[in-house]
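Trainee: I would like to learn how to read a model of this kind. Where do we begin?

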Amino acid sequence: MVLPRKTDAARTVLLGLGGALLAGLVVLRAGMTHRWFERAAAAARGEVRRPVRLWVWDWWSPAGNENYGAYFRAVKKSFEAENPDVEIVYQFVPFGFYVQKLSTAMVGRRPPDVFQASVYWAEGFFNRGMLRPLNDLLVENRARPPDERVTEEAFLPSAWRHNHTADGLVFGVPQIIDASCLLWNLDILEKAARADPEIRDLFVRKTDGSPDYARLRFDAIRDWAHFRRIVRKLTRRAANGGLEQAGFIIQAYGGGGGLFSPWLAANGGRYQDAAGTRAMFDSPNGVQAMEFLAKLYWEDGVCPKLRRQLSLTEQFEERRVAVMPAGTWSGKDIMRDTQGWQHLAMTAFPPGPMGHGQSTVCWGNMLVLAKTCRNVDAAWRYIQFVCGLRGNILRSKFLGYNGPRLDFYGTDSWRNAVARRPFLSNVKQICLVGRKLRHTEITAANHQADPIFETLLLNYPEIKAGRGPFPSVEAGLHEAARNVSAVYARYNRQVARWRKTQRLGLPGVASASAGIIPSARKTIP
C-alpha cells in the first residue's frame, strides 16, 4: 500500500480551497456585490459615479427602427455629459401594450419617472391621478435661457392643446407635433401639369415665373369643388374601363374616423365639445363632409375599389394614386419604403362650403412626469432638454421630425431639412392651421363611430335611394354621435369617481392637485 505524499495532499487541499473561493466570488459578483463591481469597473475607466437613475419609457423602439437607437444614444450622451449625477435608463414598450403596462408599473416596484404620452390617453392618465402637474415647474422654467424654455409661448399654438385641462393644469410638455394632411404624388402631377394649366397652377413659381415641380403652393386647392375637379383630371382609365390611375383613395374599413375628421375640420366642424361631454360631428358640417367623401367614390369614380387594408401607401408608392390622406410624418416613411423616392408634396385640406381657409386636425404627443417620480429635479431637467430646442434638433437630425417649438423653424437644421426634402416646405403652415384632434376616449369612441362611418361610405347609393341601413346620412351620423356621447358620459362618471377618491386621499390613489402652488394654477391659461 502506497500512501500519498504530504506535498500532494497539501496541493489537493489548496486547489479545493481555491476552487471554493473562486465559486464564492462568482456568486458574490452575480449577487450582492454586483453593483460594487460595476462601480469599481466604472472608476477604473475614469467614469463618474451617477447616484440618480432616471427611468424613461417610450414606444419608439430601436428594435423596430435603428434611427431610434441612434437618437436615444445621442440624447443620453448629451444629457449625461451635462448632468453627471444622472444615468438615463430607457425601457421600450410597444404602443399597443403601453397603457396596460404603465397602469401595472405605476403600482409596481419600478415605475417610470418620465414617459412619452400619446394624446390618445394622456388626459385619461392625468384624470386617474397618474401624472404630476407641471405648473410649478413651468413657473421656474421661465427664468431659463430661451432655447431651454418649455412654457406655452415657446410652442406653436396648435402644439399646446392636448397637454392641459380646461382650468389650466398642465400635465405634459409637447415633444412632437403631427397633423393630418393631403399627400400629393408629384410624378403624376408634373406629367399632367405640362399639358394642363390648371394643374400647373398648383405649383410654386420660381423667381423666373416657371413652375417649381418640387413644391406645391400651400393654398393650391381653393375649395372642395376645385379638389373634385383636379382629382377627376388626375384619374385615368384603361380601355376596358378599369382604373389605371386613381385621383384619390379612400380607406373605409377600420379608419373612417381618421379620414372623416380632417375633412370635417375643413368644413368648420368639430368632432366633440371642448369638455369631452358630447359628440358634435352630426352637424350640417359633418353631413356635408361625409357626403363629399361618398361622392368622390360613388359619383366621381376617382378612387380604387374599397378594400380592407392597413395602409393606403402601397398604391401611392407604386405611382398609381395621385393624392391620398396621410400625415405630416408620412414623407420620411415613404422615403424609407421606396429607397429614397421623395417627389411628394403636402397640403392641408381645402375649405368646404361651411369652412374658412385651409384646415386639418393636429396633435402633440408629450413627455410627462409620473406621479410616483422618485427624482423630480432630474426628471424635469430631462424634459427641459428633450423638449427644448436641442431636443427638437436631435429629432430632426436622427428621425426626420419637424418640431413643436416656434424657434425650431428658424434654425439651420430646419432650413437644411427643407432643402434636402422639399415636401416639408408646407409642414409648419399645415400644423399652424390645425384644429385640436379629438381627445376624449379616442379608442372607445372609434369603436362606436367607425362602423357607422364605414356603413355610410359603403352603402351611400342605397341610402340615397331610400333602401339603405339608415334613412339618410344625417340619421347615421346622429346614431354614431349618440353612441359616442354615451362613451363620454360613462367616462366622465368614472372621472368624477376618480376625483372624489383623490379628494378623500384614499391609499393607492394619487392626488391630482399635489405639486401645484396656488399662484401657478393661473399661470398657463
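Predicted model: local features only at pLDDT ≥ 70, side-chain atom pairs only at ≥ 80, totals over all residues.

Trainee: How many helices and strands does the chain have?

Mentor: The chain has 20 helices and 14 strands.

Trainee: What is the mean pLDDT of the chain?

Mentor: The mean is 88, and 85% of the residues reach 70 or more. Residues 1-7 fall below 50, and beyond near neighbours in sequence this stretch has zero contacts in the model. Residues 507-525 are also below 50, but that stretch has 41 contacts beyond near neighbours in sequence.

Trainee: Back to Arg-319. What is its phi near?

Mentor: First the general idea: most residues other than glycine have a negative phi. The phi of Arg-319 is near 65°, a positive value in a residue other than glycine. Gln-339 is a further case, with phi near 60°. Gln-339 sits in the loop between α13 (330-337) and β11.

Trainee: Is Gln-339 buried or exposed?

Mentor: Compare the relative accessible area with the cut-offs: under 20% is buried, over 50% is exposed, and partly exposed is in between. Gln-339 has a relative accessible area of 74%, so it is exposed. Arg-319 has 32%, so it is partly exposed. Glu-152, in the loop between α6 (135-141) and β4 (173-174), is partly exposed because its relative accessible area is 27%. Over the chain, buried residues make up 52% of the 525 residues.

Trainee: How far apart are Glu-152 and Pro-174 in sequence and in space?

Mentor: They are 22 residues apart in sequence and 9.5 Å apart in space, taken C-alpha to C-alpha. For the chain, consider contacts with a separation of 6 or more: residues 24 or more positions apart account for 73% of them.

Trainee: Which residues does Thr-347 touch?

Mentor: Thr-347 lies in strand β11, and its relative accessible area is 2%, so it is buried. Leaving out residues up to four places away in sequence, it touches Cys-181, Leu-182, Trp-184, Leu-216, Arg-217, Phe-218, Asn-426 and Ile-430. With Trp-184 there is also a polar contact, side chain to side chain, at 3.0 Å.

Trainee: Which residues of helix α7 are buried?

Mentor: In α7 (residues 186-193) they are Leu-186, Ile-188, Leu-189, Glu-190 and Ala-193. What covers them includes β5 (178-185), α8 (197-200), β6 (203-205), β7 (211-216), β9 (243-245) and β11 (344-347). At the start of the helix, a side-chain oxygen of Asn-185 comes within 3.0 Å of the backbone nitrogen of Asp-187.

Trainee: Which residues line the largest cavity?

Mentor: Thr-328, Trp-329, Gly-331, Lys-332, Gly-400, Tyr-401, Asn-402, Arg-421, Phe-423 and Leu-424. By class, that lining has four nonpolar, four polar and two charged residues.

Definitions and conventions: Residues numbered from 1 in each chain as written. Heavy atoms only, no water. 1 Å grid on protein atoms, 1.4 Å probe; cavity = no way out; pocket = protein on both sides within 12 Å on 5 of 7 lines; lining within 4 Å. Nonpolar A, V, L, I, M, F, W, Y, C, P; charged D, E, K, R; others polar. Buried < 20%, exposed > 50% of the residue type's maximum accessible area, 1.4 Å probe, protein only. Helix = DSSP H or I, 4+ residues; strand = E, 2+ residues; numbered from the N terminus. Contact = heavy atoms within 4.5 Å. Polar contact = N/O pair within 3.5 Å; in protein donor to acceptor, adjacent residues only side chain to side chain. pLDDT = per-residue confidence, 0-100.
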